Amino acid sequence: MLIANATLVDGRQRDVRVAGERIAAVERRLSAGADETTIDATGKLLLPGMIDAHVHFREPGFPEKETWASGSRAAAAGGVTTVVDQPNTQPPTVDGETFDEKATCTTDSVVDFGINGGVTPDWQPDELLDRPLFALGEVFLADSTGEMGIDADLFADAVTAATERGVPVTVHAEDATRFDASTRDRDDADAWSAFRTPEAERAAVERACEVGRDTGAQLHIAHASTPEGIDAADSMEMTCEVTPHHLLLSREDYDDLGTHGRMNPPLRSEERREGVYERVADGTVDLIATDHAPHTREEKDAGIWDAPSGVPGVETALPLLLAEARAGRLDYERVRDLTAANPAAVFDLPQKGRVEAGKDADLVLVDPDATRDIRGEELATDCGWTPFDGFEGVFPEWTMVRGETVYERTDGEERFGAAIGENVRSRE
Ligand SMILES: NC(=O)N[C@@H](CC(=O)O)C(=O)O
Ligand SMILES: [Zn+2]
Ligand SMILES: [Zn+2]
């Protein structure tokens, strides 16, 4: 297949040949072979598919929130070609048997995937680390959905075990001893942000990075939400990710979002949000990952102390970032780095993350000037809502995983491909 006259993120116009699962050539001009299909990509932007290193698809355990079928379709519709699933399912992914159970669910995935393993007091490190694991994580330093928070000793042991096996560790860094219990008598949604303080994040990032440094670990801070957290990770030479919601939403949005805006770590002040944005734009932040954490509308409609934490995001991340680029607030190469090239580099996926000959043909084609308003009920995720309702997004015309079209939108009609997703750690 020949994708003709595509614009790449650096502005070059190129013809791109896909042969089988791979990108065979990227050249100024390629001529189509006798039985080669040609796609005219004039005026269109061709990007490497997003690698979302942090999603919560809810199987096994909570198929009413999301399944591997619905979650992976949401990914494909949002230009995500690889997802990394987190361990706080039911049962939690903490040993060989539960890893294998999770792996069975992934056979419904239309996109490539990684499976993370977690840490609880009865986890089985030897079995778990023997499996084709993507990373150990997210390791919870404080309770979040699934109540998998662990103490300092177990954390240090877990980081040591993973590092001995050359496995990276991703960390949910909040320190519950620094939460502000005096907010507990409030019942407005903003109380959640007042409760889980910025200080709790900074302290936990520092502690985690110290353990990482002492053990020689490859440590990655999940969903950093404050400039202080990002700077702490950066100064200790650890990597970090930021979510689209901490990049684009703040405490000022609780008026619209109410309890639907509850997540961990929580939304921060507008001033901190701007500080986070600067660090994403200037490259201090390594990557964007969504922490796609779907819960049903009914669950989210509970009071602020009872609603579950988490918001969906896998389907809207790349479209939102492309809209930011279109508005001139980020450049397209930065978007490519944050969503594809850097996650591939940080998590050692040499076959992914760039539009280059020899790489997997994980590709997304967009019309950079065609924006669409995001509407929760129109999305492929099963949860049926989004915190970005009414935001503009630049959505894919099609998404390809290893040469197979897994999503296509023509005249508003969407079509999804077969469940061809593979574990990125199982391939040679
Ligand atoms: N971010 C959240 O608020 N929730 C996540 C768990 C997590 O990432 O902490 C979930 O699984 O619902
Ligand atoms: Zn988390
Ligand atoms: Zn998470």
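The zinc ion (ligand 2) is held by Glu138 (OE), His172 (ND1) and His223 (NE2), at 1.9 to 2.1 Å; donors are N, O and S atoms within 2.8 Å of the metal (3.2 Å for Na, K and Ca), and since water is not among the atoms, sites may look incomplete. The model is predicted: local features need pLDDT of at least 70 and side-chain atom pairs count only at pLDDT 80 or more, whereas totals for chains, interfaces and linings use all residues. Residues are numbered from 1 along each chain as its sequence is written, chains are lettered from A and ligands numbered from 1 in the order in which they are written, and side-chain values use heavy atoms, with hydrogens and water left out.

## Metal site

The donor residues of the zinc ion (ligand 2) follow the sequence spacing E-x33-H-x50-H. Glutamate 138 also bridges the zinc ion (ligand 2) and the zinc ion (ligand 3), which are 3.4 Å apart. Distant parts of the chain are linked here, with glutamate 138 in strand β9 (residues 136-140) and histidine 172 in strand β10 (residues 169-172), 34 residues apart; helices (H or I, at least four residues) and strands (E, at least two) are DSSP runs, numbered from the N terminus. Glutamate 138 and histidine 172 are both buried, where buried means under 20% relative accessible area, exposed over 50%, and partly exposed in between (1.4 Å probe, protein chains only).

UniProt, in an unreviewed entry, lists Asp291 for "active site"; its positions are given in the numbering used here, feature names are shortened, and annotations may be inferred rather than shown by experiment. Aspartate 291 occupies the loop between β13 (287-288) and α11 (297-300) and is buried, with a relative accessible area of 7%. Neighbours within four places in sequence aside, the contacts of aspartate 291 include Glu138, His223, His54 and His56, contact meaning heavy atoms within 4.5 Å.

## Strands

An open sheet of 5 strands runs in the order β9-β10-β11-β12-β13, with parallel pairing; two strands pair if DSSP finds at least two bridges between them. β9 and β13 stand at the edges with a single partner strand each, so one side of each has no neighbour in the sheet. Within this sheet, β10 is joined to the parallel strand β11 (residues 219-221) by 3 bridges, and valine 171 stands opposite isoleucine 221 in β11.

Elsewhere, strand β2 (residues 13-19) and strand β3 (residues 22-27) pair in the antiparallel sense over 5 bridges. Arginine 17 has alanine 25 in β3 as its bridge partner. The two strands β2 and β3 form a hairpin with 2 residues between them, and glycine 20 in the turn has a positive phi of about 65 degrees.

## Aromatic contacts

The structure holds 9 aromatic pairs; rings of Phe, Tyr and Trp (its six-membered ring) pair if their centres lie within 6.5 Å, with planes under 30 degrees apart counted as stacked, over 60 as edge-to-face and the rest as tilted. Two of the pairs are tabulated.

| Pair | Centre distance | Plane angle | Class |
|---|---|---|---|
| Tryptophan 68 and phenylalanine 113 | 5.7 Å | 70 degrees | edge-to-face |
| Phenylalanine 388 and phenylalanine 391 | 5.4 Å | 80 degrees | edge-to-face |

Tryptophan 68 lies in helix α1 (residues 68-77) and phenylalanine 113 in strand β8 (residues 112-115), so their pair ties together parts 45 residues apart in sequence. Tryptophan 68 is buried at 0% relative accessibility, and phenylalanine 113 is buried at 5%. Phenylalanine 388 is buried at 1%, whereas phenylalanine 391 is partly exposed at 29%.
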